Amino acid sequence: LQARKLDIRVSVHCPHDLPAVVCDRTMVEQVLLNLARNAMQAMSEIPASLPTRRELTLTVKPAASNAASSWLVFEVADLGPGISQAVAAQLFTPFFTTKEEGMGLGLAICQRIVTAMGGTIHLTSVIGQGSVFVVQLPLTVAAESAAESAAWAAESTTWAAIKDTRIDLIALAKKAMKEEK
(Lines give C-alpha, C1' and ligand atoms only; values in the text may rest on other atoms or scores of the structure.)
Protein backbone atom coordinates (compact mmCIF):
# COMPACT_ATOMS: atom_id res chain seq x y z
CA LEU A 1 0.00 0.00 0.00
CA GLN A 2 2.73 2.46 0.95
CA ALA A 3 4.74 1.67 -2.22
CA ARG A 4 1.73 2.27 -4.44
CA LYS A 5 0.88 5.50 -2.61
CA LEU A 6 4.45 6.75 -3.05
CA ASP A 7 4.62 5.52 -6.68
CA ILE A 8 7.55 3.19 -5.90
CA ARG A 9 8.14 0.08 -7.98
CA VAL A 10 8.94 -3.04 -5.92
CA SER A 11 11.06 -5.90 -7.32
CA VAL A 12 11.66 -9.22 -5.58
CA HIS A 13 14.51 -11.47 -6.74
CA CYS A 14 14.49 -14.95 -5.17
CA PRO A 15 15.77 -18.15 -6.74
CA HIS A 16 13.17 -20.92 -6.49
CA ASP A 17 15.65 -23.40 -5.04
CA LEU A 18 16.50 -21.53 -1.83
CA PRO A 19 16.84 -23.76 1.21
CA ALA A 20 14.61 -23.45 4.25
CA VAL A 21 16.09 -21.60 7.20
CA VAL A 22 15.57 -22.13 10.91
CA CYS A 23 14.42 -18.83 12.41
CA ASP A 24 11.49 -16.92 13.81
CA ARG A 25 9.39 -16.14 10.74
CA THR A 26 7.65 -13.15 12.35
CA MET A 27 10.93 -11.55 13.37
CA VAL A 28 12.50 -11.95 9.90
CA GLU A 29 9.36 -10.49 8.39
CA GLN A 30 9.52 -7.56 10.82
CA VAL A 31 13.14 -6.85 9.84
CA LEU A 32 12.30 -6.91 6.12
CA LEU A 33 9.23 -4.72 6.56
CA ASN A 34 11.17 -2.16 8.59
CA LEU A 35 13.99 -2.01 6.05
CA ALA A 36 11.49 -1.75 3.16
CA ARG A 37 9.57 1.01 4.93
CA ASN A 38 12.76 2.98 5.57
CA ALA A 39 13.82 2.58 1.93
CA MET A 40 10.46 3.82 0.67
CA GLN A 41 10.57 6.82 2.99
CA ALA A 42 14.04 7.65 1.67
CA MET A 43 12.83 7.44 -1.93
CA SER A 44 9.75 9.55 -1.24
CA GLU A 45 12.12 12.53 -1.46
CA ILE A 46 12.95 11.64 -5.09
CA PRO A 47 10.75 13.62 -7.52
CA ALA A 48 8.02 11.57 -9.21
CA SER A 49 9.41 12.92 -12.50
CA LEU A 50 12.33 10.48 -11.99
CA PRO A 51 10.43 7.16 -11.91
CA THR A 52 13.56 5.11 -12.63
CA ARG A 53 14.91 6.32 -9.28
CA ARG A 54 11.87 5.07 -7.36
CA GLU A 55 12.56 1.35 -7.13
CA LEU A 56 12.82 -0.86 -4.08
CA THR A 57 14.53 -4.20 -4.61
CA LEU A 58 14.54 -7.19 -2.29
CA THR A 59 17.01 -9.91 -3.20
CA VAL A 60 17.38 -13.21 -1.37
CA LYS A 61 20.33 -15.43 -2.26
CA PRO A 62 22.72 -17.99 -0.82
CA ALA A 63 25.89 -16.46 0.60
CA ALA A 64 29.41 -17.78 0.65
CA SER A 65 29.37 -20.85 2.87
CA ASN A 66 31.81 -23.47 4.07
CA ALA A 67 31.67 -26.92 5.67
CA ALA A 68 31.02 -25.40 9.11
CA SER A 69 28.24 -22.95 8.20
CA SER A 70 25.78 -22.03 5.47
CA TRP A 71 24.30 -18.56 5.08
CA LEU A 72 21.50 -16.77 3.30
CA VAL A 73 21.55 -13.08 2.39
CA PHE A 74 18.63 -10.64 2.16
CA GLU A 75 19.38 -7.34 0.43
CA VAL A 76 16.96 -4.41 0.64
CA ALA A 77 18.09 -1.79 -1.87
CA ASP A 78 16.74 1.64 -2.70
CA LEU A 79 17.73 4.33 -5.18
CA GLY A 80 17.20 7.14 -2.67
CA PRO A 81 19.56 9.97 -1.73
CA GLY A 82 22.00 7.70 0.13
CA ILE A 83 23.28 7.96 3.70
CA SER A 84 26.37 9.88 4.76
CA GLN A 85 29.16 8.06 6.60
CA ALA A 86 28.52 10.18 9.70
CA VAL A 87 24.86 9.17 9.82
CA ALA A 88 25.63 5.55 8.86
CA ALA A 89 27.96 5.27 11.86
CA GLN A 90 25.01 5.96 14.20
CA LEU A 91 22.13 4.21 12.40
CA PHE A 92 21.95 1.18 14.69
CA THR A 93 22.21 3.28 17.88
CA PRO A 94 18.95 3.25 19.87
CA PHE A 95 17.05 6.56 19.72
CA PHE A 96 19.19 7.96 16.89
CA THR A 97 16.95 9.21 14.10
CA THR A 98 17.09 11.43 11.05
CA LYS A 99 13.30 11.55 10.77
CA GLU A 100 11.20 14.35 12.18
CA GLU A 101 8.70 11.94 13.68
CA GLY A 102 11.01 8.95 14.12
CA MET A 103 11.76 7.28 17.43
CA GLY A 104 15.14 5.88 16.39
CA LEU A 105 14.34 2.31 17.40
CA GLY A 106 13.61 0.53 14.11
CA LEU A 107 17.16 -0.23 12.99
CA ALA A 108 18.37 -0.89 16.53
CA ILE A 109 15.62 -3.49 16.92
CA CYS A 110 16.41 -4.97 13.50
CA GLN A 111 20.05 -5.34 14.50
CA ARG A 112 19.10 -6.98 17.78
CA ILE A 113 16.75 -9.44 16.06
CA VAL A 114 19.28 -10.39 13.39
CA THR A 115 22.10 -10.75 15.92
CA ALA A 116 19.89 -12.89 18.18
CA MET A 117 19.38 -15.26 15.23
CA GLY A 118 23.14 -15.54 14.76
CA GLY A 119 23.23 -13.21 11.77
CA THR A 120 24.62 -9.84 10.77
CA ILE A 121 23.22 -6.64 9.29
CA HIS A 122 25.17 -3.89 7.60
CA LEU A 123 24.73 -0.96 5.25
CA THR A 124 26.37 0.04 1.99
CA SER A 125 25.43 3.50 0.75
CA VAL A 126 26.56 6.01 -1.84
CA ILE A 127 25.34 9.60 -1.65
CA GLY A 128 23.11 10.33 -4.64
CA GLN A 129 22.85 6.66 -5.65
CA GLY A 130 21.05 4.88 -2.82
CA SER A 131 21.51 2.37 -0.04
CA VAL A 132 21.59 -1.38 0.42
CA PHE A 133 20.93 -3.03 3.76
CA VAL A 134 22.37 -6.55 3.84
CA VAL A 135 21.05 -9.10 6.33
CA GLN A 136 22.96 -12.37 6.55
CA LEU A 137 21.33 -15.27 8.41
CA PRO A 138 22.64 -18.75 9.13
CA LEU A 139 20.67 -21.60 7.59
CA THR A 140 20.83 -23.33 10.97
CA VAL A 141 21.13 -21.73 14.38
CA ALA A 142 24.22 -22.76 16.33
CA ALA A 143 23.61 -23.98 19.88
CA GLU A 144 25.33 -20.99 21.47
CA SER A 145 23.38 -18.60 19.25
CA ALA A 146 20.11 -20.25 20.24
CA ALA A 147 21.12 -19.96 23.90
CA GLU A 148 21.89 -16.25 23.44
CA SER A 149 18.54 -15.77 21.70
CA ALA A 150 16.70 -17.51 24.52
CA ALA A 151 18.49 -15.39 27.13
CA TRP A 152 17.64 -12.19 25.24
CA ALA A 153 14.03 -13.34 24.76
CA ALA A 154 13.69 -13.95 28.50
CA GLU A 155 14.66 -10.35 29.30
CA SER A 156 12.73 -8.66 26.50
CA THR A 157 9.02 -7.93 26.53
CA THR A 158 8.96 -7.23 22.78
CA TRP A 159 10.43 -10.54 21.66
CA ALA A 160 8.44 -13.68 20.95
CA ALA A 161 10.50 -16.76 21.83
CA ILE A 162 12.54 -18.27 19.01
CA LYS A 163 10.30 -20.83 17.37
CA ASP A 164 12.91 -22.72 15.30
CA THR A 165 10.43 -22.89 12.44
CA ARG A 166 11.57 -23.90 8.96
CA ILE A 167 10.18 -21.35 6.54
CA ASP A 168 9.92 -20.93 2.79
CA LEU A 169 12.00 -17.79 2.24
CA ILE A 170 10.60 -17.07 -1.21
CA ALA A 171 7.07 -16.94 0.19
CA LEU A 172 8.23 -14.84 3.15
CA ALA A 173 10.04 -12.31 0.95
CA LYS A 174 7.08 -11.97 -1.40
CA LYS A 175 4.65 -11.64 1.52
CA ALA A 176 6.76 -8.97 3.20
CA MET A 177 7.00 -6.94 0.01
CA LYS A 178 3.31 -7.48 -0.88
CA GLU A 179 2.30 -5.93 2.44
CA GLU A 180 4.20 -2.80 1.42
CA LYS A 181 2.61 -2.58 -2.07
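A cavity is a set of points, on a 1 Å grid over the protein atoms alone, where a 1.4 Å probe fits but cannot get out, and its lining residues have an atom within 4 Å of a point. The model is predicted: local features need pLDDT of at least 70, side-chain atom pairs count only at pLDDT 80 or more, and totals for chains, interfaces and linings use all residues. Residues are numbered from 1 along each chain as its sequence is written, and side-chain values use heavy atoms, without hydrogens and water.

**Exercise 1.** Find which residues line the second largest cavity.

*Solution.*
- Begin with the lining: Val28, Val31, Leu32, Phe74, Val114, Met117, Val135 and Leu137.
- Next, look at the elements (DSSP runs numbered from the N terminus: helices are H or I, at least four residues; strands are E, at least two). Those giving two or more residues to this lining are α2 and β6.
- Then sort by class (Ala, Val, Leu, Ile, Met, Phe, Trp, Tyr, Cys and Pro are nonpolar; Asp, Glu, Lys and Arg charged; the others, Gly among them, polar). The lining has 8 nonpolar, no polar and no charged residues.

**Exercise 2.** Work out which residues of α2 meet α4.

*Solution.*
- Locate the helices: α2 covers residues 25–43 and α4 covers residues 106–116.
- List the contacts (heavy atoms within 4.5 Å). From α2, Met27, Val31, Asn34, Leu35 and Asn38 meet Gly106, Leu107, Cys110, Ile113 and Val114 of α4.
- Finish with the classes: this contact has 7 nonpolar, 3 polar and no charged residues.

Technical notes. Axes are lines fitted to C-alpha atoms, for helices over the stretch in contact, and angles run from 0 to 180 degrees between N-to-C directions. On a 1 Å grid over the protein atoms alone, a cavity is a set of points where a 1.4 Å probe fits but cannot get out, and a pocket is an open set with protein on both sides within 12 Å along at least five of seven lines; lining residues have an atom within 4 Å of a point.
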